[in-house]
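The sequence and structure come first.

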Amino acid sequence: AEQWTSSGETEATILSTPDGDTLATAVPGANLRILAREGNWVRVRLDGWMWLPEGAAVEDEIVVLTDVSTEDVAASPLEYRGRVLQWDLQFISLERAEKIRTDFYEGEPFLLTRIGRGEGVFVYVAIPPERLQEAEGLSPLERIRVIGRVRTGSATLTGSPILEVLA
């Protein structure tokens, strides 16, 4: 059964992660669909409308960058934040974020991987609840190709990049 919540009697700030940037502010009484709960945090989905005049530029396809290294991302984390990358990675394990990992919400599932180019650099890949079963089927040391959006180019705790898996 779907779970819903209301933003309450005051505005509710919606963040990219519990300690992340503000994505939106829900007006009082806005209905939000709950996708996952981790302690006092809930991941929500909202539907709405925004102004986009006819003829305005619309991306038909997401541009996937394939020639970006982890060094590039670490050197310019703000430039790459939100960009979509394709990296060949080696899966190590499926983990759940502890409270100390402030770039994730507590308990958020993520893949611990290593970049496949022999660089030995770790890359964390956040997994949404609807893709968790797929991630549970991975075998340690399996090579995977990940298309993901850069959440951060340099994690607070480790300095490693964090992607949000798209494919």
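**Pockets and cavity**

Pro18, Asp19, Glu38, Gly39, Asn40, Trp41, Lys99, Arg101, Thr102, Phe104, Tyr105 and Glu106 line the second largest pocket. The model is predicted, so local features need pLDDT of at least 70 and side-chain atom pairs count only at pLDDT 80 or more, while totals for chains, interfaces and linings use all residues. Residues are numbered from 1 along each chain as its sequence is written, and side-chain values use heavy atoms, with hydrogens and water left out.

- On a 1 Å grid over the protein atoms alone, a pocket is an open set of points with protein on both sides within 12 Å along at least five of seven lines, a cavity is a set where a 1.4 Å probe fits but cannot get out, and lining residues have an atom within 4 Å of a point.
- Grid points are joined across faces, edges and corners, and a volume is the space filled by probe spheres set on the points.
- The second largest pocket holds about 160 Å³ of space.
- Its lining has four nonpolar, three polar and five charged residues (nonpolar: Ala, Val, Leu, Ile, Met, Phe, Trp, Tyr, Cys and Pro; charged: Asp, Glu, Lys and Arg; polar: the others, Gly among them).
- The largest pocket has a volume of about 1,100 Å³. Leu15, Ser16, Leu23, Arg43 and Val44 are the closest to its centre among 37 lining residues.
- Elements giving two or more residues to the lining of the largest pocket are E1, E2 (12–15), E3 (22–26), E4, E5, E10 and E11. Strand E5 gives the largest share, five residues.
- By class, the lining of the largest pocket comprises 19 nonpolar, eight polar and 10 charged residues.
- There is one cavity of 30 Å³ or more, and the largest cavity has a volume of about 40 Å³.
- Residues lining the largest cavity include Arg101, Asp103, Tyr124, Leu157 and Ile162; by class, the lining has five nonpolar, three polar and two charged residues.

**Salt bridges**

- The whole structure has five salt bridges (a side-chain nitrogen of Lys or Arg within 4 Å of a carboxyl oxygen of Asp or Glu).
- Aspartate 88 and arginine 145 form one, at 2.7 Å from N to O. Aspartate 88 lies in strand E7 (residues 84–96) and arginine 145 in strand E10 (residues 143–152), 57 residues apart.
- Aspartate 88 is partly exposed at 38% relative accessible area, whereas arginine 145 is exposed at 52% (buried is under 20%, exposed over 50%, partly exposed in between, with a 1.4 Å probe and protein chains only).
- Glutamate 108 and arginine 151 pair at 2.8 Å, N to O. Glutamate 108 is buried at 1%, and arginine 151 is buried at 7%.
- Arginine 151 also forms a salt bridge with glutamate 164, with the closest N and O atoms 2.7 Å apart. Glutamate 164, in strand E11 (residues 162–165), is 13 residues from arginine 151 in strand E10.
- Glutamate 164 is partly exposed, at 25%. Shared partners join Glu108, Arg151 and Glu164 into one network.

**Sheet**

- Three strands form an open sheet in the order E1-E4-E5, with antiparallel pairing (strands are DSSP runs of E, at least two residues, numbered from the N terminus; two strands pair if DSSP finds at least two bridges between them).
- Strands E1 (3–6) and E5 (41–45) each have a single partner strand, so one side of each is left without a neighbour in the sheet.
- E1 pairs with E4 (residues 31–38) over four bridges, and glutamine 3 has isoleucine 34 in E4 as its bridge partner.
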